[in-house]
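Me: I have a structure open and would like to go through it with you. Could we begin with the strands and then move on to other topics?

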Amino acid sequence: MAEAMQTAQSLPVGSAGNRSGGWWGVLALIVTEGSLFGYLLFTYFYLASQTEQHWPPDGLPTLLMPGVNTLILLASSVFVWASERCIQRRQMHWSIASMVLALILGICFVVIQLHEWSIKTYTMTSNLYGSLYFTITGFHMLHVIVGLIILMMLLLWIVLGYFDDRRYAAVTIGGLYWHFVDVVWLFVFATLFLSPYLY
Amino acid sequence: MSDVAQSKPDPNLTRVPEVGSAPIGSAAEMRLTRLWESAPGWRGWLSTVDHKEIGLRYLVTAFIFLLMGGIEALIMRLQLARPDQTLLTPEQYNQLFTMHGVTMIFLYSLPILSGFSNYLWPLMLGSRDMAFPRLNALSYWIFLFAGIFLYASFPLGEAPNAGWFNYVPFAGLEYNTGPNIDVYALGMVLLGISTTVGSINFVVTLFRMRAPGMSINRVPILVWGTLTASVANIFAIPSVSLAFFLLWLDRQTGTHFFDVVNGGKPLLWQHLFWMFGHPWVYAVVLPAMGIVSDALPTFCRRPLVGYSAVALSTMATMLLGFGVWIHHMFATGLPTLALSFFGAASMVISIPSAVAVFAWIATIWLGRPVFNTPFLFFAGFVLLFVIGGFSGVMTAAVPLDFQLNETYFIVAHLHYVLLGINVFPVVGGIYYWFPKFFGRMMNEILGKWSFWVMFIGFNVGFFPMHLAGLLGMPRRIYTYAPHMGWSTVNMVTSVGSFVFAAGILIFLINILISLKRGAMATQNPWDAPTLEWATPSPPPAYNFAVIPFVASRHPLWEDRLDEGGGRSSLEQGYLLMEGREMIGTTPLDAKPDIILKMPDDSYTPFFLGLFSALAFTGLLLHWRDFTVLMTLACSVSLIVWMWPRKALVQRVPDSIQDKGATHG
Ligand code: HEM
């Protein structure tokens with residue numbers, strides 16, 4: 001009981017930043033989704049190491065467009081982060097502007113990636129590399145789209161004035177997911193575009 | 001920053017949780033009941049997020065799957081009882097043993113343990129619910145729908161038929177053209193979602209939802225077991241989901257992952273499947289071992305010997321499991337893969353398992369055992385564990401394994417492991433916690449009968465399988481010739497199987513009778529030490545009227561054990577009744593950290609589960625538009641679910657005045 005009495009301190013109520021349940025939940029989600037991509041890339045390296053085919057079939061990948069696209073995605077992450085900071089400082093207009101920019105950059109990524117897909121000489125079914133390339137980038141694309149929907153919802157909620165500097169856990173949590181999607185892309189990029197240069 | 005909000009904090013956003021007591025019948029207690037109870041009738045049934053309700057549903061559903069798998073097994077045993085029988089065609093036999101394996105491994109053995117953990121965790125940890133009550137409901141609904149999905153093609157005679165581990169190329173389109181494998185593949189991806197969100201829920205619950213003072217070294221072993229299993233699942237489930245998804249792509253869109261002709265590798269399947277398979281075996285045994293570690297001491301009238309050693313060995317088992325998994329990844333030579341996975345797993349598991357076995361034996365030895373039904377099941381479990389472990393170490397020896405692999409020796413071993421370490425503790429656990437679940441005791445006489453019939457039937461049924469294996473009988477054959485010399489062992493095995501089934505039947509009858517006529521149970525009928533027994537039987541919707549302060553590992557035995565650390569406080573504690581509330585604590589020391597707002601009942605989990613199951617059905621049947629529509633429905637459900645709400649203080653609530661008005 002002595003212990004009990006000492007605990008009579010003031011505590012935050014509800015979804016308070018990284019003390020909220022959702023923060024912990026999305027961390028666990030990231031671990032399991034990260035594993036999923038780990039297995040996907042394992043599949044790539046396993047098959048690549050065993051294949052007798054010409055790898056990649058088109059020769060070494062060009063790095064320009066994927067490289068630019070990577071920067072676009074990373075920039076988008078920065079703006080999501082900035083948007084959250086602005087909420088903390090009660091600069092709601094800046095927060096909205098920042099989130100809009102993040103969204104636009106994310107959509108640019110999707111458009112460029114779709115274009116990249118369309119200029120490939122192979123498809124998902126024409127050879128093993130094609131199966132891997134389109135499945136891995138497709139999985140990532142799916143995550144980007146989910147992430148973009150999340151960003152859109154966050155934007156809507158900020159515009160509706162749901163959040164202020166005291167309660168904005170949704171932005172923290174949704175933002176974390178978006179950062180994850182971007183970091184995963186770095187691994188995908190390194191695997192599909194950089195690793196062929198190593199052998 | 002001399003803000004108003006700074007000098008006078010908004011009580012909606014920060015407050016000192018009131019300490020008090022709320023005896024049954026007091027105004028505070030009645031208010032808690034109103035806050036936490038689900039609506040009556042079908043509405044409450046569809047929308048409830050109460051972990052106790054969900055836990056019981058898990059238990060009942062998984063047990064029904066056990067019975068279905070059991071009936072499949074009995075049909076197989078009828079077919080194998082004598083040589084040259086024609087009860088089943090080879091194809092029917094294939095589907096039966098596959099569905100039996102799938103049902104037992106995926107739809108029974110883990111879900112039943114999730115049922116126990118769902119029901120018991122918050123009660124053991126001194127909490128009012130799990131960390132994510134709605135996610136909990138979702139996890140159940142998806143499990144249910146995935147189970148139905150996996151069985152949907154069974155009546156059409158098109159059930160999965162390539163064994164539960166479903167090796168390619170046999171499971172590929174070339175050899176398996178029907179919908180059988182597609183059902184299995186999509187069903188497993190769907191089930192994987194359920195298991196994953198369930199595991200996430202357990203992990204976050206452990207870290208955040210314990211009563212103050214329930215530091216990490218005071219949680220019951222069942223919690224350790226389920227935690228370990230859940231962490232393993234979080235890492236491992238994506239592997240099998242991916243494997244099945246790639247297989248489905250290969251079959252449906254013509255990709256080449258497993259396609260030998262075009263550079264694909266069938267071995268990739270085995271890698272992905274067993275990377276998941278290793279941790280999975282631990283996932284279906286560790287929580288069951290936890291049940292024994294928590295319940296056995298009650299009947300030995302003393303605390304578990306070596307709590308820390310058992311807790312650590314639980315974790316060590318998982319870590320070793322990951323070690324084996326990595327070794328599978330790097331040593332990609334065939335011999336490693338040829339090792340039967342149960343064999344390899346058992347070899348690694350044997351060291352920490354031995355720690356647990358010695359802890360249980362020492363507990364029985366040093367205690368004053370009370371020989372009632374749950375004790376019999378737990379003691380029987382220890383015995384079967386030793387036998388199963390021994391045959392496991394035998395198959396783990398590579399040369400012997402080459403002899404025994406794919407024979408009935410393996411079938412015998414895996415049944416000793418799975419029935420011994422899972423089914424016996426589960427049945428014992430139901431006898432033990434039945435009074436808590438339903439407020440009535442189970443019948444002792446029938447209980448003892450059920451134990452002995454099950455135990456004898458099990459050994460008569462499965463021990464001779466070792467012999468059949470040594471005599472060279474391969475597994476997965478639908479019949480055999482009379483001159484092979486396998487006729488007697490098979491007859492004995494079949495008879496034993498039916499005796500075992502009779503034992504299960506007695507257990508079921510006991511449940512039915514006890515539900516109606518069992519003696520009323522008190523709050524703590526077994527005089528057990530842990531927190532779940534500090535609540536009424538059955539517990540009220542809110543679990544604990546006040547959140548207890550925990551001072552030791554055995555809060556209800558503090559009178560007789562002096563473990564230091566002072567006394568727990570069960571009558572006085574945090575009241576927390578401004579809506580559904582619970583205290584969130586720090587991960588290790590369980591110091592109060594936050595007042596969490598818990599969600600109300602909601603239909604969203606049901607609909608999200610339903611729409612995802614329908615989306616998978618659309619994929620299976622190639623209904624493109626329907627699938628798209630259902631995916632959209634899922635998105636809408638998710639958005640509704642995630643919409644920030646003032647009641648949960650995800651948005652800043654309005655000022656305190658009008659909140660007081662709503663309380664009326
Ligand atoms: C009444 C109890 C049971 C009986 C009579 C029984 C009988 C059988 C039989 C006859 C087979 C097929 C062997 C073959 O042809 O290769 C089998 C396979 C199997 N059983 Fe059981 N079983 C029982 C309970 C269980 C339980 C409780 C579990 C798991 C928790 C389980 C897990 C399995 C697995 C994983 C297989 C392998 C399936 C495959 O080869 O793909 N069984 N069982």
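Me: Which residue stands opposite B:Gly20 in S4(B)?
Reply: B:Gly573 stands opposite B:Gly20.

Me: And how do S3(B) and S4(B) pair?
Reply: S3(B) pairs with S4(B) in the antiparallel sense, over two bridges. B:Phe549 has B:Ser569 of S4(B) as its bridge partner.

Me: What is the strand order in that open sheet of chain B?
Reply: The order is S2-S4-S3, three strands with antiparallel pairing. Strand S2 (19-20) and strand S3 (547-549) of chain B are the edge strands, each pairing on one side only. Strands of a sheet pair through backbone hydrogen bonds, either parallel or antiparallel.

Me: Before we go on, what are the ground rules for numbering and confidence?
Reply: Residues are numbered from 1 along each chain as its sequence is written, while chains are lettered from A and ligands numbered from 1 in the order in which they are written. Because the model is predicted, local features need pLDDT of at least 70 and side-chain atom pairs count only at pLDDT 80 or more, whereas totals for chains, interfaces and linings use all residues; side-chain values use heavy atoms, with hydrogens and water left out.

Me: Now the interface. How many residues does each chain give to the contact?
Reply: Chain B gives 66 residues and chain A gives 52 residues, contact meaning heavy atoms within 4.5 Å. The area buried between the two chains is about 5000 Å², and carbon and sulfur atoms give 70% of that area. Buried area is the accessible area (1.4 Å probe) that two parts lose on being put together, summed over both.

Me: How many salt bridges cross the interface of chain B and chain A?
Reply: The rule finds one, a salt bridge being a side-chain nitrogen of Lys or Arg within 4 Å of a carboxyl oxygen of Asp or Glu. B:Asp593 forms a salt bridge with A:Arg19, and their closest N and O atoms are 3.5 Å apart.

Me: Which element gives the most to the side of chain B that touches chain A?
Reply: H8(B) gives the most, with 10 residues.

Me: Where do strands of chain A and chain B pair?
Reply: Strand S1 (residues 11-12) of chain A is joined to S1(B) by two bridges, and the strands run antiparallel. In S1(B), B:Arg15 stands opposite A:Leu11.

Me: Changing topic: which residues come nearest the ligand?
Reply: Of the 22 residues around the ligand, the nearest are B:Tyr93, B:His100, B:His415, B:Arg475 and B:Arg476. A residue is counted as near if one of its heavy atoms lies within 4 Å.

Me: Finally, where are the cis peptide bonds?
Reply: One joins A:Trp55 and A:Pro56, with omega about -20°, and A:Pro56 lies in the loop between helix H2 (21-50) and helix H3 (64-88) of chain A. Another joins B:Ser537 and B:Pro538, with omega about -15°.

Key
Helix = DSSP H or I, 4+ residues; strand = E, 2+ residues; numbered from the N terminus. Pairing = 2+ DSSP bridges.
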